[in-house]
Amino acid sequence: MSVILSASVVRVRDGLPLSASTDYEQNTGMQECRKYFKMLSRKLAQLPDRCTLKTGHYNINFISSLGVSYMMLCSESYPNVLAFSFLDELQKEFITTYNMMKTNTAVRPYCFIEFDNFIQRTKQRYNNPRSLSTKINLSDMQMEIKLRPPYQIPMCELGPANGVTSAFSVDYKGAGKISSAHQRLEPATLSGIVAFILTLLCGALNLIRGFHAIESLLQSDGEDFNYIIAFFLGTAACLYQCYLLVYYTSWRNVKSFLTFGLICLCNMYLYELRNLWQLFFHVTVGAFVTLQIWLRQAQGKAPDYDV
């Protein structure tokens with residue numbers, strides 16, 4: 001029988017479940033699919049914004065937009081056009097009901113569980129196509145899927161369902177399929193722009209002090225050459241923070257924390273050449289930029305994107 005079995009809403013950056021439908025079936029196939037749901041949730045940031053995973057007699061479809069992913073499990077014979085039209089309805093309603101600030105700051109799983117009411121009502125409509133009131137829109141979705149089909153995730157990429165991860169960042173072809181290395185970030189905020197300017201200032205200060213240290217070394221041979229290295233490493237760390245703030249890369253958050261650690265080490269070594277206020281300024285700016293890098297996550301396509 002062609003039906004939608006369950007659906008869930010997941011935050012892309014960390015896989016936190018925000019809402020989900022209540023599932024009543026407890027057969028072995030459903031339990032296995034739940035494992036795949038969890039594995040996919042941890043990899044959403046590395047996947048295109050529209051994907052399908054075929055798991056035996058079931059299909060897992062999902063779309064991602066504005067840092068949130070909408071996932072559904074259906075029988076393998078359920079039409080693709082209805083599946084993605086269902087997900088599109090969930091996406092539009094969720095974006096209308098909850099703002100991005102709430103979804104970005106959520107810390108508790110299923111904190112939007114009341115959205116389950118809408119999921120259940122929509123699922124009932126789509127499980128009874130005769131009652132669908134959206135038939136007029138299905139032609140647009142069918143054309144979009146034809147022009148930009150969902151990325152088919154091979155089971156060999158997913159790995160076994162025991163939690164072993166695999167490399168998703170492989171090359172693939174098709175219109176609209178973007179790799180994780182080319183994802184766009186959310187629009188810059190005022191605090192992000194301030195952080196960018198401050199870290200550029202810190203990098204410039206380190207660069208100037210580094211040239212002065214070279215000049216002192218050439219004139220008097222009294223300057224420690226390691227100080228020069230520390231100044232230029234500090235400059236490189238600040239510039240790399242600027243890069244991480246503007247562009248999306250894999251392991252972006254980890255790189256930002258490592259870069260902040262390098263800034264702290266450089267300033268610890270330069271303790272004798274800087275007063276406490278200067279040290280505090282450089283370390284505080286580094287911490288502020290690291291926070292902004294963590295807050296500015298990759299975005300999906302807006303719900304009204306063009307094909």
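Is the crossing of α8 and α10 left-handed or right-handed?

Mentor: The crossing of α8 and α10 is left-handed, meaning that the near helix is turned anticlockwise from the far one by less than a right angle (clockwise would be right-handed). Before we go on, this is a predicted model: local features need pLDDT of at least 70, side-chain atom pairs count only at pLDDT 80 or more, and totals for chains, interfaces and linings use all residues. Residues are numbered from 1 along each chain as its sequence is written, and side-chain values use heavy atoms, with hydrogens and water left out.

Back to your pair. Helix α8 covers residues 225-246 and α10 covers residues 276-295; helices here are DSSP runs of H or I with at least four residues, strands are E runs of at least two, and both are numbered from the N terminus. Their axes lie 9 Å apart, at an angle of about 20°. An axis is a line fitted to C-alpha atoms over the stretch in contact, and angles run from 0 to 180 degrees between N-to-C directions. From α8, Q241, L244 and L245 make the contact, and from α10 it is G286, V289, T290, Q292 and I293; contact means heavy atoms within 4.5 Å. By class, this contact has four nonpolar, four polar and no charged residues. Ala, Val, Leu, Ile, Met, Phe, Trp, Tyr, Cys and Pro count as nonpolar, Asp, Glu, Lys and Arg as charged, and the others, Gly among them, as polar.

Now look at α2 (residues 80-97) and α4 (residues 116-126), whose axes come within 11 Å and cross at roughly 155°. That makes α2 roughly antiparallel to α4, and the crossing is right-handed. Here L82, S85, F86, E89, L90 and E93 of α2 meet F118, I119, T122, K123, R125 and Y126 of α4. By class, that contact has six nonpolar, two polar and four charged residues.

Last, the strands. Eight of the eight residues of β5 (residues 68-75) are buried, so β5 is largely enclosed by the rest of the structure; buried is under 20% relative accessible area, exposed over 50%, partly exposed in between (1.4 Å probe, protein chains only). Eight bridges join β5 to β4 (residues 58-65), running antiparallel, and S64 stands opposite S69. Strand β1 (residues 4-11) is also antiparallel to β5, with seven bridges, and R11 stands opposite V68.

Definitions and conventions
Two strands pair if DSSP finds at least two bridges between them. Angles under 35 degrees count as roughly parallel, over 145 as roughly antiparallel, 65 to 115 as roughly perpendicular and the rest as oblique.
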